[in-house]
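Open the model in a viewer and keep the sequence panel beside it. The stops below say what to select next and what is there.

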Amino acid sequence: MALNSTADIVSLPEKHHVYWTDDIAPLPETHTSVVSEADVVIIGSGYTGMHAAIVAASHGKTTQVLDAQTPGWGCSTRNGGQISGSVKPSLHRLSKRFGVERAHAIRAEGEASLNWVEHFVETNNIKCDFARNGRFHAAHTPRHFDKLVTEAKRLNAEENTPIKIVPRHDQYQEIGSDAYFGGVVFTHHASLHPAKYYSGILQTALDAGVRVTGLCPATSIERSGAGFIVSTPKGRLKAGKVVIATNGYSGNLMPYVQRRVIPIGSYIIATERLPRSVIDRLIPSDRVISDTCKVVYYYRPSPDRSRILFGGRVSANETNPVTSGPKLQHDLCRIFPELKGIGVSHSWSGKVAYSFDELMHIGQHGGVHYAMGYCGSGVGMASYLGMRLGQQVLGLAEGKTALDNVDFPTRPFYRGKPWFLPAIVGWYRMYDRWQCRQAQRNSANGEAGRFAEDASQTVG
Ligand SMILES: Cc1cc2nc3c(=O)[nH]c(=O)nc-3n(C[C@H](O)[C@H](O)[C@H](O)COP(=O)(O)OP(=O)(O)OC[C@H]3O[C@@H](n4cnc5c(N)ncnc54)[C@H](O)[C@@H]3O)c2cc1C
């Protein structure tokens, strides 16, 4: 079905907005009731919660997962499926805060998360289109290309990261667009089908004996002796240990985490089916793509190369998929003008969780365990830290991570409502647009040749 107008998108039932769940078998069946007592109660059934649950149940613990919505309803079935190094702050920035050795260890957790997802998928034979197809990170101005080249050389020298530099004159090998000024390829980054991946995780958890109950919000957590009482509309649960895995959907259940994560909407569309020849021309290399804009775009072909899935942040204020769909379509056509007139069949969104220091956080507060704040890069990290969280709950030595005991910062007067976001996003979007226009104008005037046209090489 091709949709061009807002009215068409409105008429789609809510469920059909997410492309990923359209083309897979229904998720494995879960439970409708809760147990009255469990060794471990996990609140939130996304990648974080389910991976923690798998570890707990595999070690013989009775494990109950609760979700306010249906299992997997959060980001974990509706993301872009890109898996990168996941740790946003640079080695230099982390070194200033933690010292060089710890900074290296934190950065290494990012690589560990990518490797671990691959290992988990292989071990559990999950058919989720996992592929190490690499990520093309495109420069939206010549200056950003120069910065990417410098950064690539530094990353390779300091962290051994394999990177291919792609100057503008070679960029058509990666992307059929003139919107960029070259870029770099992180050749070891990966992608997967997020809902198939989730389905495999859920099945693995059920096989391990985890009880998963949807439509069952935890409404309070109280201390009770050495454990806790978790209240839900389906009953009160006695819990030995409690894990909070609510990330961008963290409400006031635990004000400590609500004051530390910044929920931000991320929006995606899927185009209608496109001829294979068009996809092959626009994204020939099958890589996932992101760019250097402050308000980043991320996009990729669908795993069957029948559509383009295009995501980003389209407005300063939070909006809904009906409004964001046409805006994303407009931005997609700015990058690929030949897609003008192409319909959008799916438009959806979800809430990611940023933290004030751009790091993900794992720890305990008041005896309750948590992991969250993946800053939009949680496919690898939520899975990996969820697994480590499960080990920490059991007190296992291998649960230790370089992110343990990192201060989880908040800001005065912040209570989980990011009132400052519209101003910041609005400014960045304006700045990005101005830079893009300026770069394209200079390029048209023949000034783009000054940047490193001869930089084509692979480092690492
Ligand atoms: C549009 C979009 C695109 C993205 N693209 C990428 C990408 O390409 N690569 C990448 O690495 N990351 C991406 N992400 C981010 C990634 O999907 C998330 O970081 C990751 O899925 C977080 O997993 P989680 O388990 O921590 O949280 P979620 O999967 O969001 O799960 C949290 C769950 O907690 C539940 N919950 C909340 N409160 C309660 C309560 N009181 N009781 C019970 N349950 C509760 C919610 O219902 C929800 O199901 C994207 C996210 C979005 C929205």
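Helices (H or I, at least four residues) and strands (E, at least two) are DSSP runs, numbered from the N terminus. Residues are numbered from 1 along each chain as its sequence is written. This is a predicted model, in which local features need pLDDT of at least 70 and side-chain atom pairs count only at pLDDT 80 or more, while totals for chains, interfaces and linings use all residues.

**Whole chain**

Start with the protein as a whole, which has 11 helices and 19 strands. Its C-alpha trace spans about 75 × 55 × 45 Å along the principal axes. A compact globule of 460 residues would have a radius of gyration near 23 Å, and the 22 Å of the protein agrees with that. The radius is taken over C-alpha atoms, and the globule rule is 2.2 Å times the number of residues to the power 0.38.

Colour by burial next. A residue is buried if 20 or more other C-beta atoms lie within 10 Å of its own, exposed if 12 or fewer, and partly exposed in between, with C-beta atoms placed from the backbone. Buried residues make up 50% of the 460. Two residues are in contact if their C-beta atoms, placed from the backbone, lie within 7 Å. Of the contacts between residues at least 6 apart in sequence, 75% join residues at least 24 apart.

**Two loop residues**

Select S86, in the loop between β3 and α3. S86 is not a glycine, yet its phi is positive, about 70°. S86 counts as buried because it has 25 C-beta neighbours inside 10 Å.

Then go to D286, in the loop between α8 (276-282) and β13. D286 also has a positive phi of about 70° although it is not a glycine. Is D286 buried or partly exposed? With 16 other C-beta atoms within 10 Å, D286 is partly exposed.

The ligand is surrounded by 45 residues, and the closest are G46, G74, G80, G350 and G378. The elements giving two or more residues to this shell are α2 (47-58), β3 (82-83), β12 (261-271), β16 (344-355) and α10 (378-393). Which element gives the most? It is α10, with 4 residues.

Colouring the shell by class gives 19 nonpolar, 24 polar and 2 charged residues. Here Ala, Val, Leu, Ile, Met, Phe, Trp, Tyr, Cys and Pro count as nonpolar, Asp, Glu, Lys and Arg as charged, and the others, Gly among them, as polar.

After α10 comes G395, with a positive phi near 75°.

Move to α4, residues 100-123. The expected span of a helix is 1.5 Å times one less than its number of residues. For the 24 residues of α4 this should be 34 Å, and the end C-alpha atoms are 34 Å apart, which agrees. Buried residues of α4 include A103, I106, R107, G110, L114, V117 and V121. The buried residues of this helix pack against β3, α3 (91-98), α5 (142-159), β7 (190-191) and α10. N125 follows α4 and has a positive phi, near 50°.

**Strands around β11**

Two strands pair if DSSP finds at least two bridges between them. Select β11 (residues 235-244), which runs parallel to β1 (residues 37-43) and is joined to β1 by 6 bridges. E37 stands opposite K238 in β11. K238 also has I229 opposite. β10 (residues 227-232) runs antiparallel to β11, with 5 bridges, and a hairpin joins the two through 2 residues.

On β18 (residues 368-372), β17 (residues 361-365) pairs antiparallel over 5 bridges, with H361 opposite M372. β17 and β18 form a hairpin with 2 residues between them, and G366 in the turn has a positive phi of about 55°.

**Strand β4**

Finish at β4 (residues 135-138), where R135 and H137 point one way and F136 and A138 the other, all of them buried. β4 pairs with β6 (residues 183-186) in the antiparallel sense over 4 bridges, and the partner of R135 in β6 is F186. β13 (residues 288-291) runs parallel to β4, joined by 4 bridges. The partner of A138 in β13 is D291.

Key: Near = placed C-beta within 6 Å.
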